Amino acid sequence: MADIRPSASIEAVESGLAAQGYIASRQIATAVYLAQQIEKPILVEGPAGVGKTELAKAIAAWRGMKMIRLQCYEGLDEAKALYEWKYAKQLLYTQILKDKLGEVLGGAPTLEAALNQLHDFGDVFFSKEFVEPRPLLQALEQPAGCVLLIDEIDKSDAEFESLLLEILSDFQVTIPELGTVVAVAPPTVILTSNSERDLGDALKRRCLHLHIGFPEQKLEERIVESRVPGISQTLRKQMVGFIHEVRTLDLKKLPSVSETIDWARVLVLLQAPELGHEMVKDTLNVLLKYEADIEATMPQVSTFIAKASRQNVFG
């Protein structure tokens, strides 16, 4: 059952997300808590793979709410994001009206009366019955609320942001033919951005800002422990330490948390007791996505393993 009441404390948010396998920093838990209390959307920025989308999923699972996702892309417009008319149904009704036109207008004493009757039918064609709701409108219509994820907003055109302003500020939207549709229960709105372009000030003013970067080593170890419970403490500390060393390099794409989790699963699958040069060399393609990055990292593998091992001993 959905729980739309705000959380009692920041600690309650941390524990609620942790129960869904999402290990949140204090900063993340605070942003979620404040968003619930003051009913504001959260704009989550940061590199790909650090847990922005997963945050929305975890909130939905924790609160037992439906999650509605709008994946943004270049050229996205209101017909795909908000609503569109059921043209086929309108056409069918038009044909029915045409067939029954004599019966409909038979009682009209004058031309003016006949035109007024036709005008009434025209209004019916642009009623709620003929609206096909898209993710934004669906979110406003959820009786028990929902989590609305507007994913990768930076991939949409700048003009699309204007479509969101009314929803983000007042949880309502105006449809010219129908009027204003107000949310039955205000949704929890999460917008994510990989910062591929600068977002407008108007959109940012309507949101709480949260930046999720690469986590500190201790937090990342907790994340791996939560997502890959079969990994040993020694291997977990070594691999996370190794990844933090890799992130000091000038690479095209630094490994994110999602790559950390994937690598941990691979090492467990291969039954690696600890990090070794050959094991890292054979599986580095799981961690790094570009051949140039692999080639830049390979000469440092032994050094990074040694540093990670020393941290494990003295940490």
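Reply: A helix pair and its setting

Helix α1 (residues 10-18) packs on helix α3 (residues 52-63) at an angle of about 95°, and their axes lie 9 Å apart. This makes α1 roughly perpendicular to α3. Axes here are lines fitted to C-alpha atoms, for helices over the stretch in contact, and angles run from 0 to 180 degrees between N-to-C directions. Angles under 35 degrees count as roughly parallel, those over 145 as roughly antiparallel, 65 to 115 as roughly perpendicular, and the rest as oblique. Helices (H or I, at least four residues) and strands (E, at least two) are DSSP runs numbered from the N terminus.

The model is predicted, so local features need pLDDT of at least 70 and side-chain atom pairs count only at pLDDT 80 or more, while totals for chains, interfaces and linings use all residues. Residues are numbered from 1 along each chain as its sequence is written, and side-chain values use heavy atoms, with hydrogens and water left out.

On the α1 side of the contact (heavy atoms within 4.5 Å) are Ala12, Val13, Gly16 and Leu17, which meet Leu55, Ala58, Ile59 and Trp62 of α3. The residues of this contact divide into seven nonpolar, one polar and no charged. In that count Ala, Val, Leu, Ile, Met, Phe, Trp, Tyr, Cys and Pro are nonpolar, Asp, Glu, Lys and Arg are charged, and the others, Gly among them, are polar.

The protein chain as a whole has 16 helices and nine strands. Of its 315 residues, 43% are buried, which stands for under 20% relative accessible area, with exposed meaning over 50% and partly exposed in between (1.4 Å probe, protein chains only). Among contacts in the chain with a separation of 6 or more, 76% join residues 24 or more positions apart.

The largest nonpolar core has 34 residues, and Leu136, Ile150, Ile153, Leu164, Leu191 and Leu203 touch the most other members. Two or more residues each come from β2 (66-71), β3 (83-85), α8 (135-140), β5 (146-151), α9 (158-170), β6 (172-175) and β8 (188-193). α9 gives the largest share, five residues. A nonpolar core is a set of buried Ala, Val, Leu, Ile, Met, Phe, Trp, Tyr and Cys residues joined through side-chain atoms within 4.5 Å.

Not counting residues up to four places away in sequence, Ile153 touches Leu43, Cys72, Phe160, Leu164, Thr192, Ser193, Arg197, Leu199 and Leu203. Glu152 lies in the loop between β5 and α9 and is buried, at 18% relative accessible area. Glu152 has a positive phi of about 55° although it is not a glycine. Most residues other than glycine have a negative phi. Glu39, in the loop between α2 (26-38) and β1 (42-45), also has a positive phi, about 50°, but is partly exposed, at 47% relative accessible area.

Lys66 belongs to strand β2 and is partly exposed, with a relative accessible area of 47%. Beyond its neighbours within four places in sequence, Lys66 is in contact with Gln142, Cys146 and Val147. The C-alpha atoms of Lys66 and Ala139 are separated by 9.2 Å, though the two residues are 73 apart along the chain.

A second, separate core has 30 residues, including Met239, Ala264, Leu275 and Val301. Helix α12 (residues 233-246) spans 20 Å from first C-alpha to last over its 14 residues, close to the 20 Å expected at 1.5 Å a residue; the expected span is 1.5 Å times one less than the number of residues. Of those 14 residues, 11 are buried, among them Leu235, Met239, Phe242 and Ile243.

Helix α13 has 13 residues and reaches 18 Å, close to the 18 Å expected. Its buried residues are Val257, Glu259, Thr260, Ile261, Trp263, Ala264 and Leu267, and they pack against α11 (217-227), α12 and α14 (277-287). Leu267 is buried at 0% relative accessibility. Leaving aside neighbours within four places in sequence, Leu267 is in contact with Leu235, Met239, Ala272, Leu275, Met279 and Thr283. Leu267 and Thr283 are 16 residues apart in sequence and 8.2 Å apart from C-alpha to C-alpha. Just after α13, Gln271 takes a positive phi of about 55°.
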